[in-house]
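Hello,

Here is the structure I promised to pass on to you. Have a look at it first, and my notes follow below.

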Amino acid sequence: MSYRLARTMLSAACLLLPAAAAAADLVPVEDFARHAQLSMPQLSPDGRHLAVNMNYPDGDSHALAVYDVADMSRPVSLLRLPKYELAIGITWVDNTRLVVEKGRQLGSIDKPVATGEVIATDFDGKHQDYLYGSESKYGTRAGTRGTDRGWGFVAGRPTPANGHFYMTTYSWDNQDYSTLYDVDAGKNTRRLIGQIKASGLSFMVGADGKARYAYGRDDNWDYVVYQQQGSSWVKVNVADTEGSFTPLFFAPDRQRIFASYSADGGPSKLIEQDENGGNRKVLAGDSFSSIGAMELTPQPYQPFATVLATGVPQPSYIDANSPPAKLHRALSMKFPGSYVHFVNFSEDGGQLLFSVSSDRNPGSYFLIDTKNYKVVKLFDAMPWIDPAQMAERRPLRFKARDGKEIEAILTIPKGANLAKLPMVLVPHGGPIDVQDDWFFDDDAQFLASRGYLVLQVNYRGSSGRGANFKAAGYRQWGSGIQQDLIDAVKWAVAEDYADPQRVCIYGASFGGYSALMAPVRAPGMFKCAIGYAGIYDMALRYKKGDTQESKAGRNALRIQMGDDPAELAANSPVNLAGKIDVPVFLVHGEDDQRAPFAHAKAMRAALDAAHKPYEWLSKPGEGHGFYSEQNNVELYTKLQAFLEKYIGKGV
């Protein structure tokens with residue numbers, strides 16, 4: 001072998017080494033397609049047991065699992081639920097008994113839909129009972145509960161725990177009323193403690209164990225608040241609330257209440273006030289962002305810290321010298337770069353379940369003894385995810401064309417310089433009253449792991465900014481919201497974050513709509529578009545899908561999307577296929593109830609008629625977003641190949 005040939009082969013081998021190393025370091029696509037093993041943990045009142053939602057490896061089956069906190073290696077009991085069903089609410093009503101609200105998983109994009117069924121079980125799996133729902137004929141009170149046709153929801157429980165809980169019901173046979181009961185979960189008996197002639201409202205219970213406030217969206221989609229005064233419900237002046245007064249719970253003195261409030265429709269604040277609305281005191285607030293979450297003391301509950309709904313979460317302490325605040329600050333210092341959340345205390349305050357999560361960590365759960373400060377790790381939600389391999393998520397702000405300040409979140413490929421990166425715009429769904437946040441996002445992390453900068457935008461209409469910002473997105477599906485997305489891309493390019501020649505758009509649900517609409521509104525900006533479980537024919541929403549099945553849903557569509565036929569047609573991608581100047585990839589579940597499969601088929605037909613190139617992936621048995629891990633692996637694999645085909649491989 002000649003020296004020149006040997007040197008050439010050696011050079012080639014050396015050039016291959018970084019690529020081989022990079023391939024070996026690439027996080028497997030399967031890691032992003034898997035579901036969390038355990039979720040929604042709740043500590044029992046005595047601090048001895050932990051109830052959690054358990055996902056089975058098939059991804060379709062779930063169970064309620066109860067563990068002894070001293071031994072997390074195997075559960076004490078398992079309550080396996082029917083296929084696709086899972087617990088969407090877990091409440092300990094005493095040291096040994098739990099109440100479970102059942103839901104059904106209809107896809108990976110939306111939260112599970114409540115079935116309206118409420119069941120109870122002892123921690124060891126014994127004495128299971130059916131407390132409310134259309135299958136009440138199977139419970140111990142089947143003889144008198146066969147007419148339980150409707151939805152039931154847990155509305156809280158007394159403190160201290162006494163085996164009872166509060167349950168809100170909405171009857172299918174009497175849909176004009178919202179009703180509240182005090183339920184004995186052991187005896188399966190119930191006592192009426194509140195009822196109002198208005199459907200779909202939530203209740204706040206007073207110290208006397210009776211309903212004191214009723215609030216929420218009625219069938220007309222108007223936000224209403226009522227206060228119980230004597231034996232009557234009195235409507236709170238909406239002019240005083242602007243749709244942003246939400247009573248939360250009573251203060252320890254049982255005279256004042258905590259509430260979320262905004263007088264002018266701006267970002268909501270946390271307030272404390274007399275029950276009748278007097279002596280209002282602002283505990284926390286911000287000019288840009290609403291209060292997004294609170295940290296609570298042991299009972300009697302009161303907030304000791306708040307977190308904004310936007311940006312990187314940073315606790316703001318109401319009383320920095322209180323013991324819970326000092327403990328929270330000390331734990332936060334032990335987990336830099338993460339957010340520490342107090343899930344719940346034992347009733348005596350001696351045990352605390354807390355979580356640690358971040359943009360790179362999907363969540364880890366710990367138990368601390370608040371007397372000796374001994375900390376025990378209980379479990380990781382997704383133990384196969386190594387936070388060290390994940391990408392930074394960086395919230396930033398930019399000005400839209402009309403001067404409105406908008407939040408954007410960049411997910412930056414690990415190890416990459418934030419300069420002229422190939423970029424994928426990922427609009428969130430909704431579009432109204434939904435938002436992206438800083439915490440772990442599997443889509444964003446997958447794309448970043450493949451070398452793409454990810455841009456997410458909390459456009460007008462998103463939650464987290466107050467009622468006015470939310471209303472600014474009404475009837476702006478194809479106009480104002482799309483312009484915010486386009487302005488975000490222009491900003492990312494102007495800041496030199498993104499390579500303008502290597503930008504694609506990928507979104508699900510309303511994000512799927514945007515994936516096909518934004519290229520119409522900004523010709524030449526994008527190189528490809530991926531629509532996943534998208535809405536492509538706006539008028540079809542009034543004919544098909546679960547939203548239009550109720551009066552409230554139809555009114556929500558009218559207010560948020562609009563109902564003018566000409567306007568709907570002019571803003572529907574199915575009617576604009578000829579203007580889509582990029583290759584398209586359509587992905588849809590064939591059993592989607594939120595955005596029915598008819599949307600994808602209509603969009604495919606429109607692209608065919610316009611002689612536009614597209615790729616296609618649909619799956620039977622899948623709903624609003626793929627739930628099968630196998631199908632998600634296929635989706636991610638084909639998504640990566642599609643992006644590489646049109647904007648090249650990531651960095």
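Strands S5 and S6 (residues 97–104) run antiparallel and are joined by 7 bridges. Strands and helices here are DSSP runs numbered from the N terminus (strands E, at least two residues; helices H or I, at least four). This is a predicted model, where local features need pLDDT of at least 70 and side-chain atom pairs count only at pLDDT 80 or more, while totals for chains, interfaces and linings use all residues. Residues are numbered from 1 along each chain as its sequence is written, and side-chain values use heavy atoms, with hydrogens and water left out.

The open sheet has 4 strands in the order S5-S6-S7-S8, with antiparallel pairing (two strands pair if DSSP finds at least two bridges between them). S5 (85–92) and S8 (129–132) are at the edges with a single partner strand each, so one side of each has no neighbour in the sheet.

Next, the helices. H7 (residues 480–494) packs against H8 (residues 510–521) at an angle of about 75 degrees, with the axes 10 Å apart (axes are lines fitted to C-alpha atoms, for helices over the stretch in contact, and angles run from 0 to 180 degrees between N-to-C directions). H7 and H8 are therefore roughly perpendicular (65 to 115 degrees; under 35 is roughly parallel, over 145 roughly antiparallel and the rest oblique). On the H7 side, the contact (heavy atoms within 4.5 Å) is made by Ile481, Gln482, Leu485 and Ile486. The H8 residues include Phe510, Tyr513 and Arg521.

Best wishes
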